Amino acid sequence: MRRLRNRLAGALLSVLALSLTATGCGGSSEAAPGGGTPSRSAPAGASVANRVEPLAQRPEPRLPVTVPSADGERVTVKAAERIVPLSGSLSEIVFTLGLGDRVVARDVTATFEQAAKLPVVTRGHDVSAESVLSLRPDLVLAETTTGPEEAVDQIRAAGVPVLFVESAKGLDDVGPRIRAVADALGVPAAGKELTRRSEQRIEAVRGDVPHGEKPRVAFLYLRGSASVYLIGGKDSGAGSLIEAAGAVDAGAASGLDKDFTAITSEALVKAAPDAILVMSKGLESVGGVDGLVKIPGVAQTPAGMDRRIVSVEDGVLLNYGPRTDQVLKSVVAQLYGEDGAK
């Protein structure tokens, strides 16, 4: 999520310049999307579980270790009793490895049940160095897009090891990210086990994807309270997930080379999506499906005419972590329906 927000910055400036009119209220609520009922609603069991599933056997860290950090540094981890992961995805990995009892804080995007009561160390979506340091961590895990840089520098200057993990861009990043975190925590065998489990589960879902004509799916990023309406292009981060679901990334296929582009009627008509993929809060923020189809151009697409909307919780859609198989299963179930028919 943090990676997505950072890459959206330039696109947001463009869309705000268009002065589009907001069509709904803010998306801060955790409630399920409201509004109209899509013609293809998600079948039972399509939602992503709000809990992570730790490995059956809890590993015991063997420290110290010195590991490479994605920012080019080498980090020595001497203890991992008080861990602060600075993204929801990294929190998921630590908890799923079986070391969640060592996590003392969370980022605002760590919304799964086991982490929900931990103190939040971000203000908005920026890291608060003071909040992190007040918890006396012995290890901080960060994404390469974590910021602001000054806050991270302050944490390091206080003598706390900060390990950067390469931000996820697609399904191929699931295993490397898990292993990077596991190696830093001194549990490499558990990292390999979790990687195997995660990749096997993803492949199992891919094996159940119906064959036939591939539907075109457009990923839309929506924040109605800020009049933000964007369509994902080649590097939005959703392409890998869409393709794994047996579909075509409509934005990328229509020639959108940027990460995100302001939605226009022309762009949507050219993309011609058969279905639209959105985050749950984004859908809620525009007034549900009824509000979504009022955004210029949406109603003229096959997806808008059929009200064929695929919605996944914000905190997991693009995490590419241990719950990615559930995300993919949800997308497939909503996209094709229980009977597997398009």
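**Residue classes used in these legends.** Ala, Val, Leu, Ile, Met, Phe, Trp, Tyr, Cys and Pro are counted as nonpolar, Asp, Glu, Lys and Arg as charged, and the others, Gly among them, as polar. The views that follow show a predicted model.

**Figure 1. The second largest cavity and its lining.** The structure holds 3 cavities of 30 Å³ or more, and the second largest cavity has a volume of about 50 Å³. Its lining consists of R51, V52, E53, T96, R197, R201, P322, R323, D325 and Q326. Two or more residues of this lining come from each of the elements α6 (188-207) and α13 (324-336). Sorted by class, the residues lining the second largest cavity are 2 nonpolar, 2 polar and 6 charged.

**Figure 2. The second largest pocket.** The space in the second largest pocket amounts to about 170 Å³. Its lining is made up of L55, Q57, R58, P59, E60, R62, G186, V187, P188, A189, A190 and E193, and these residues divide into 6 nonpolar, 2 polar and 4 charged. One of the lining residues, G186, follows just after helix α5 and takes a positive phi of about 75°. Within helix α5 itself, which spans residues 174-184, the buried residues are V174, G175, R177, I178, V181, A182 and A184.

Figure 3. A search of the whole structure finds 3 aromatic pairs. F219 and F260 are both buried. Y221 is buried, as is F260. Taken together, F219, Y221 and F260 form one aromatic cluster.

Figure 4. L133 lies in helix α3, which covers residues 129-134. With a relative accessibility of 25%, L133 counts as partly exposed, because that class lies between buried, under 20%, and exposed, over 50%. When its neighbours within four places in sequence are left aside, L133 is in contact with Q154, I155, A158 and V160. The C-alpha atoms of L133 and R156 are separated by 9.9 Å, and the two residues are 23 residues apart along the chain.

Figure 5. A cis peptide bond with omega of about 10° joins L63 and P64, and P64 is placed in the loop between α1 (2-17) and β1 (65-68). Another cis peptide bond, with omega of about 5°, joins G147 and P148. P148 is found in the loop between β6 (139-143) and α4 (149-157).

Figure 6. Although R136 is not a glycine, it has a positive phi of about 55°. R136 lies in the loop between α3 and β6, and its relative accessible area of 59% means that it is exposed. R307, likewise a residue other than glycine, has a positive phi near 50°. The loop that holds R307 runs between α12 (302-306) and β13 (309-312), and at 21% relative accessibility R307 counts as partly exposed.

**Figure 7. The chain as a whole, as context for the close-up views.** The secondary structure of the chain comprises 13 helices and 13 strands. Of the 342 residues in the chain, 54% are buried. Among contacts in the chain between residues at least 6 apart in sequence, 71% join residues that are at least 24 apart. The chain exposes about 14400 Å², and carbon and sulfur atoms supply 50% of that area.

Methods:
Residues are numbered from 1 along each chain as its sequence is written. This is a predicted model: local features need pLDDT of at least 70, side-chain atom pairs count only at pLDDT 80 or more; totals for chains, interfaces and linings use all residues. Side-chain values use heavy atoms; hydrogens and water are left out. On a 1 Å grid over the protein atoms alone, a cavity is a set of points where a 1.4 Å probe fits but cannot get out, and a pocket is an open set with protein on both sides within 12 Å along at least five of seven lines; lining residues have an atom within 4 Å of a point. Grid points are joined across faces, edges and corners, and a volume is the space filled by probe spheres set on the points. Rings of Phe, Tyr and Trp (its six-membered ring) pair if their centres lie within 6.5 Å; planes under 30 degrees apart count as stacked, over 60 as edge-to-face and the rest as tilted. Buried means under 20% relative accessible area, exposed over 50%, partly exposed in between (1.4 Å probe, protein chains only). Helices (H or I, at least four residues) and strands (E, at least two) are DSSP runs, numbered from the N terminus. Contact means heavy atoms within 4.5 Å. Accessible areas come from the Shrake-Rupley method with a 1.4 Å probe; for residues, only the protein chains shown count as cover.
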